[in-house]
Amino acid sequence: MAGIAHATLRAFLALDFDEDALSLLGAHLRRLRAMPWANAIRWVSPDNLHLTLRFLGDVTPTQAERYAEAFDVGLSQIAGLAKLTLSMTPPRFFPTPSRPRVIACLVEDNPMLSELAKLAEACAVRIGLNREARPFKGHITLGRTRDALPRDAALPRDETATLVWPTAITLYQSRLNPRGAIYTALRSFSLGSHL
Ligand code: 2AM
């Protein structure tokens, strides 16, 4: 049964958001999908919106389990998680407007978010993954570029940042599918209640 012994799963750790944030993100999605260049983008399903803390890629079930255990221990040592509040921008081309990979709402740097990303990274290294080369930049992807965007593609002008509240952190399995990725929660970590 070598196939089973070598089976891996594609996993990532992400922040989930409350209904208010999801409804704002859903409104952004609807507005963007009406743009003349909308077909050049693979839009994220409203059910799949999240902020990735660490993409693990293909890991064994044992690695996923060890990752979750290590993250849980680390998380219990971070104080004040229930107060985690993030300031989120309207949709932007990311990482650069001239060569966008995604359209995403960016999240302002925040000490607690950095701490979570640092823990997520340390746990990845602990289970034997390579260190992430790119610096962490929190964002919630709304769509990924499929084709080159027309030169005049522009996003609605809007500078207003909004405060949003994450509800939990989830280790997801991602199954790629021609009609969009299917995410399944492997393990959820509570942030406590901010009420
Ligand atoms: P993105 O939203 O910026 O594309 C699941 O695919 C999540 O993991 C996405 O939020 C994605 O970020 C993130 N991710 C980071 N690196 C990735 C990679 N090499 N392949 C796929 N997803 C990646």
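Which residues line the largest cavity?

Reply: A word on the ground rules: this is a predicted model, so local features need pLDDT of at least 70 and side-chain atom pairs count only at pLDDT 80 or more, while totals for chains, interfaces and linings use all residues. Residues are numbered from 1 along each chain as its sequence is written, and side-chain values use heavy atoms, with hydrogens and water left out.

Now the cavity. His28, Arg31, Leu32, Pro91 and Pro156 line the largest one. A cavity here is a set of points on a 1 Å grid over the protein atoms alone where a 1.4 Å probe fits but cannot get out, and lining residues have an atom within 4 Å of a point. The lining splits into three nonpolar residues, one polar and one charged; Ala, Val, Leu, Ile, Met, Phe, Trp, Tyr, Cys and Pro count as nonpolar, Asp, Glu, Lys and Arg as charged, and the others, Gly among them, as polar.

Helix H2 (residues 19-33) gives the most to that lining, with three residues. Helices (H or I, at least four residues) and strands (E, at least two) are DSSP runs, numbered from the N terminus. The end C-alpha atoms of H2 are 21 Å apart, which agrees with the 21 Å its 15 residues should span, the expected span being 1.5 Å times one less than the number of residues. Ala21, Leu25, Gly26, His28, Leu29 and Leu32 of H2 are buried, where buried means under 20% relative accessible area, exposed over 50%, and partly exposed in between (1.4 Å probe, protein chains only). Seen down the axis, the buried residues of H2 fall within an arc of 160 degrees, so they line one face of the helix; the arc is that of the directions from the helix axis to the C-beta atoms. The face turned away from the buried side of H2 carries the exposed residues Glu19, Asp20 and Arg30.

On to the charged pairs. A search of the whole structure finds eight salt bridges, each a side-chain nitrogen of Lys or Arg within 4 Å of a carboxyl oxygen of Asp or Glu. One of them joins Glu121 and Arg54 (2.6 Å, N to O). Glu121 lies in helix H4 (residues 111-126) and Arg54 in strand S3 (residues 51-59), so this pair ties together parts that are 67 residues apart in sequence. Both ends are out of the way: Glu121 counts as buried at 15% relative accessibility, and Arg54 is buried at 6%.

Arg187 and Glu65 meet in a salt bridge too (4.0 Å, N to O). Arg187 is in strand S9 (residues 182-190) and Glu65 in helix H3 (residues 61-75), so the pair ties together parts 122 residues apart in sequence. Arg187 is partly exposed at 23%, as is Glu65 at 44%.

Asp109 pairs with Lys137, their closest N and O atoms being 3.7 Å apart. Asp109 sits in the loop between S5 and H4, and Lys137 in the loop between H4 and strand S6 (139-145), 28 residues apart. Asp109 is exposed at 61%; Lys137 is partly exposed at 29%. Salt bridges that share partners also join Glu65, Glu69, Asp72 and Arg187 into one network.

Technical notes: 1 Å grid on protein atoms, 1.4 Å probe; cavity = no way out; pocket = protein on both sides within 12 Å on 5 of 7 lines; lining within 4 Å.
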